[in-house]
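Visitor: Please show me the two chains, and then we can go through how they meet.

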Amino acid sequence: MNGQPVPYMERSRLYYEAQGFTRAYTWAQFDDAPFSPMPKPLAEAKLVLVTTAALYDREASDPRYVASAPLNPPPERLYANDLSWDREATHMEDRGSYFPVAPLLAARADGRIGGLAARFHCVPTDYSKRRTREVDAPEILKRCREDAADIALLVPV
Amino acid sequence: MCHQTVSLVARHLEANGIPTVVLGSARDIVEHCGVARFAFLDFPLGNPCGKPGDATMQASVVDAALGLFDSAQAPRTTVPLPWRWENDEWRERYMQVSAENREELRRKGEQRRAERQALRDSGRVRQE
């Protein structure tokens, strides 16, 4: 697989099979993909940031919910200890490697984007696709509308 | 799982009139789900905005992702970003199953199932 993207779905299927899980996870798949054209030029659009990192150091067992916090200044640190990032290849000590607040503030200052929502949103990862689609995604939409955001940048860990 | 979660959220925002860009590193999961605009950084999971400690790269990665808002004309637009990790060893190693770790994984699975059952029994799970 020299230089090829990692087949994460296949890799995780084999990994959890080796752990004795007998039913393979069914990943979300759709034929269509909704598409909204830009309502205004990027230089006039207000952007909101959405991350899967968390505001506190969760236990894997903690129930988790949509949360929001001020973007500027952002929290001193975010947490991702419960997420499946590559612990052998890299680390998450530099917040800028997964939470792009500095480049976004610069983009606003330069006029590359029209504005930034005052807060960002954390969406919890969930094995339940139904819960993400029916509970968390509508909650994120509601908060984006409260922010009067025109566009959203979503950054998964 | 993070990539599936944001893909589902991005689809919901798009369906309700908010254009999105997903900036991530698990191409198969995002494309399997299907999103409007995807900036793909082919790095180990955890650093979708660029290498730790490299603020210049991070600024360039985010700028390239922002460019997708204007350039994408149709859904399922994936733009592979040009940056490369310093080696390819991580590609084979991540979630690898081998003769050496098979027994450890089996034990880990047993532990996970026991923990999940305990959570269900105690009601410490989301109810929605």
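Visitor: At what angle do α3(A) and helix α1 of chain B pack?
Guide: Helix α1 of chain B covers residues 2-15, and its axis lies 9 Å from that of α3(A). Axes are lines fitted to C-alpha atoms, for helices over the stretch in contact, and angles between N-to-C directions run from 0 to 180 degrees. The angle here is about 55 degrees.

Visitor: Before going on, what kind of model is this, and how is it numbered?
Guide: Residues are numbered from 1 along each chain as its sequence is written, while chains are lettered from A and ligands numbered from 1 in the order in which they are written. Local features need pLDDT of at least 70, side-chain atom pairs count only at pLDDT 80 or more, totals for chains, interfaces and linings use all residues, and the model is predicted.

Visitor: Which orientation class do α3(A) and α1(B) fall into?
Guide: Angles under 35 degrees count as roughly parallel, over 145 as roughly antiparallel, 65 to 115 as roughly perpendicular and the rest as oblique. The angle of α3(A) to α1(B) is about 55 degrees. The two helices are therefore oblique.

Visitor: Is the crossing of α3(A) and α1(B) left-handed or right-handed?
Guide: A crossing is left-handed if the near helix is turned anticlockwise from the far one by less than a right angle, and right-handed if clockwise. The crossing of α3(A) and α1(B) is right-handed.

Visitor: Which residues of α1(B) make the contact?
Guide: Residues are in contact if their C-beta atoms, placed from the backbone, lie within 7 Å. From α3(A) the contact includes A:Lys129, A:Arg133 and A:Leu141. From α1(B) come B:Thr5, B:Leu8, B:Val9, B:His12 and B:Leu13.

Visitor: How do α2(A) and α3 of chain B pack?
Guide: Helix α3 of chain B spans residues 55-71, and the axes are 9 Å apart. The crossing of α2(A) and α3(B) is right-handed. The angle is about 60 degrees.

Visitor: In which sense do β5(A) and strand β1 of chain B pair?
Guide: Strands (E, at least two residues) and helices (H or I, at least four) are DSSP runs numbered from the N terminus, and two strands pair if DSSP finds at least two bridges between them. A:Leu153 stands opposite B:Val21 in β1(B). With three bridges, the pairing of β5(A) and β1(B) is parallel.

Visitor: Which element gives the largest share of the side of chain A that touches chain B?
Guide: In total, 76 residues of chain A are in contact with 77 residues of chain B. Elements supplying at least two residues each to that side of chain A include α1 (8-18) and α2 (101-110). The largest share, eleven residues, comes from α3(A).

Note on methods: Two residues are in contact if their C-beta atoms, placed from the backbone, lie within 7 Å.
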